[in-house]
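Hi everyone, thanks for coming. Let me put the sequence and the model up on the screen, and then we can walk through them together.

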Amino acid sequence: MKTILFGLLACFFTVFSAAADDALPKAFIDGNGPGWKALGEEDFVNVNCAADTGSFKEGMIQCTGTPTGVMRMKEPVTNFELVVQWKHLKPAGNSGVFVWASDESIRALHAGNHTKRLPDGIEVQILDHAFRDNYEKKTGKKGEFFTTNGDVFPTGTAKLKPFEPTSPNGQRSFPRKELSKAAGEWNHYYIRGINGEVRLWVNGEEVSGGNGAQPPSGDLCLESEGAPIEFKNLRIRILA
């Protein structure tokens, strides 16, 4: 009888643990199926990088990281799903995907008269884990206002209400799980933007996002910010 009881308890706790582990929604969307489109060189235009900052080779986008700037999709988007795989080539790399970058900031970057090198929009950040160590060594400050697992936050004049948990200053949506892989390994982002709401899945699990984005429409951009990075398998589906 005791053996049966312990067996039932073991099964219960196994099921309970599995349920707890599955608490976050999971999706490993590869961007295949009706409505999905592969993105290539013909879909992007340089905004304020050098001519050789981003190059398209063998289905990948190779970015040197210099200078800081972005390339954008030629057509703005409103409601969409985006799949992108990325890999930092060196530790402490920094990059990101900008969602709904404003037309005003893009035009200012094109003209070279923006106050910064990056657009105003919603950034889905791509940071390597070693970035925090470098930051703390260089500044002597604790890296508590960012993570390296998929922060989502507004930049410049853009606005967003970040989902919990947030950074100590409330400006960023911090990921609920740490799922990003280190430099030299491929990571998978699935980004969904609908009616001003942005959600991010990292390597198959939803981790962060926000709603009430302003603007809720604009350009999708890939960021160059100081370190080499590769992107591949970019696919998009435009939603009504």
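Residues 1-21 keep a pLDDT under 50, where pLDDT is the predictor's confidence in each residue, from 0 to 100. For this stretch the model has two contacts beyond four places in sequence, a contact being heavy atoms within 4.5 Å. Where pLDDT is low, the predicted coordinates should not be read in detail. The protein chain as a whole averages a pLDDT of 91, and 89% of the residues score at least 70.

Some housekeeping. This is a predicted model, so local features need pLDDT of at least 70 and side-chain atom pairs count only at pLDDT 80 or more, while totals for chains, interfaces and linings use all residues. Residues are numbered from 1 along each chain as its sequence is written, and side-chain values use heavy atoms, with hydrogens and water left out.

Now, the sheet. Strands here are DSSP runs (E, at least two residues), numbered from the N terminus, and two of them pair if DSSP finds at least two bridges between them. Six strands make an open sheet in the order β2-β5-β14-β7-β8-β9, with antiparallel pairing. β2 and β9 are at the edges with a single partner strand each, so one side of each has no neighbour in the sheet. On average, neighbouring strands of this sheet are turned by 25 degrees against each other, direction ignored; the axes behind that angle are lines fitted to C-alpha atoms, and angles run from 0 to 180 degrees between N-to-C directions.

β2 pairs with β5 (residues 69-73) in the antiparallel sense over three bridges, and N46 stands opposite M71 in β5.

β2 (44-46), β3 (54-57), β4 (60-63) and β14 (219-224) each give its lining at least two residues.

The largest pocket holds about 380 Å³ of space. It is lined by 22 residues, and E123, Q125, F153, T155 and R172 are the closest to its centre. β8 gives the largest share of that lining, three residues. By class, the lining has nine nonpolar, seven polar and six charged residues. For those classes, Ala, Val, Leu, Ile, Met, Phe, Trp, Tyr, Cys and Pro count as nonpolar, Asp, Glu, Lys and Arg as charged, and the others, Gly among them, as polar.

The largest cavity has about 50 Å³ of space. Its lining is nine nonpolar residues, with no polar and no charged ones; among them are L39, F44, M73 and L234. β14 supplies three residues, the largest share.

One last stop: G212, in strand β13 (residues 205-214). G212 touches K159, L160 and G196, not counting residues up to four places away in sequence.

Definitions and conventions: 1 Å grid on protein atoms, 1.4 Å probe; cavity = no way out; pocket = protein on both sides within 12 Å on 5 of 7 lines; lining within 4 Å. Points joined across faces, edges and corners; volume = space filled by probe spheres on them. Helix = DSSP H or I, 4+ residues; strand = E, 2+ residues; numbered from the N terminus.
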